[in-house]
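Me: Can you walk me through this structure? I'd like the layout and then the details.

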Amino acid sequence: MERVLFKTLVMAGEKKTLRVYLTSDVEKILRVLSAIKNQSISETVQIALEEHFARPDNQDLIDRHRINEIPED
């Protein structure tokens, strides 16, 4: 399966660059949804990740491992 590389910003506040490898299907959907919503790819990914992190199972892990307390680089 082909993978596509793109850079996106995913940190709240100060923006950081993150490289993500996606399947071509996911990359296509990301680009089209971003365009339909009149959002940048970065905004769409930011929202998707925030929603993913807010899921109860992920929030439990974030809380249990005190990830919010880890100092940033």
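What follows is a short exchange about the model shown above.

Me: What kind of model is it, and how are residues numbered?
Reply: It is a predicted model, in which local features need pLDDT of at least 70, side-chain atom pairs count only at pLDDT 80 or more, and totals for chains, interfaces and linings use all residues. Residues are numbered from 1 along each chain as its sequence is written, and side-chain values use heavy atoms, with hydrogens and water left out.

Me: ok, how many helices and strands?
Reply: The protein chain has 3 helices and 2 strands. Here helices (H or I, at least four residues) and strands (E, at least two) are DSSP runs, numbered from the N terminus.

Me: In what order do the elements run?
Reply: From the N terminus on, the order is β-β-α-α-α.

Me: What share of the residues is buried?
Reply: Of the 73 residues in the protein chain, 21% are buried. Buried means under 20% relative accessible area, exposed means over 50%, and partly exposed is in between (1.4 Å probe, protein chains only).

Me: Helix packing next. What is the angle between helix 1 and helix 2?
Reply: Their axes cross at roughly 105° and come within 9 Å, with helix 2 covering residues 41-54. That makes helix 1 roughly perpendicular to helix 2. Axes are lines fitted to C-alpha atoms, for helices over the stretch in contact, and angles run from 0 to 180 degrees between N-to-C directions. Angles under 35 degrees count as roughly parallel, over 145 as roughly antiparallel, 65 to 115 as roughly perpendicular and the rest as oblique.

Me: Which residues meet there?
Reply: Leu30, Arg31 and Ser34 in helix 1 meet Ile41, Thr44 and Val45 in helix 2.

Me: And how do helix 2 and helix 3 pack?
Reply: They pack at an angle of about 80° with their axes 5 Å apart; helix 3 is residues 56-64. Helix 2 is thus roughly perpendicular to helix 3. His52, Phe53 and Ala54 of helix 2 make the contact with Pro56, Asn58, Gln59 and Ile62 of helix 3.

Me: What sits in the loop between helix 1 and helix 2?
Reply: Serine 40 is one of the residues there, and asparagine 38 is in that loop too. Serine 40 counts as partly exposed because its relative accessibility is 33%.

Me: Changing topic: how many salt bridges?
Reply: The count is 3, where a salt bridge is a side-chain nitrogen of Lys or Arg within 4 Å of a carboxyl oxygen of Asp or Glu.

Me: Which one lies in helix 1?
Reply: Glutamate 27 pairs with arginine 31, with the closest N and O atoms 2.1 Å apart. Both lie in helix 1, 4 residues apart, about one turn of the helix. Glutamate 27 is buried at 14% relative accessible area, whereas arginine 31 is partly exposed at 42%.

Me: And the other pairs?
Reply: Aspartate 57 forms a salt bridge with arginine 55 at 2.6 Å between the closest N and O atoms. Glutamate 69 and arginine 66 meet in another, at 2.8 Å, N to O. Arginine 66 is in the segment after helix 3 and has a positive phi of about 50°.

Me: Last one: which residues form the nonpolar surface patch?
Reply: Ile29, Val32, Leu33 and Ile36 form the patch, with about 380 Å² of accessible area together. Patches are made of residues with over 30% relative accessible area and no salt bridge, joining like charges within 9 Å and nonpolar side chains (Val, Leu, Ile, Met, Phe, Trp, Tyr) within 5 Å. Isoleucine 36 lies in helix 1, residues 24-36, and counts as exposed at 63% relative accessibility.

Note on methods: Accessible areas come from the Shrake-Rupley method with a 1.4 Å probe; for residues, only the protein chains shown count as cover. Contact means heavy atoms within 4.5 Å.
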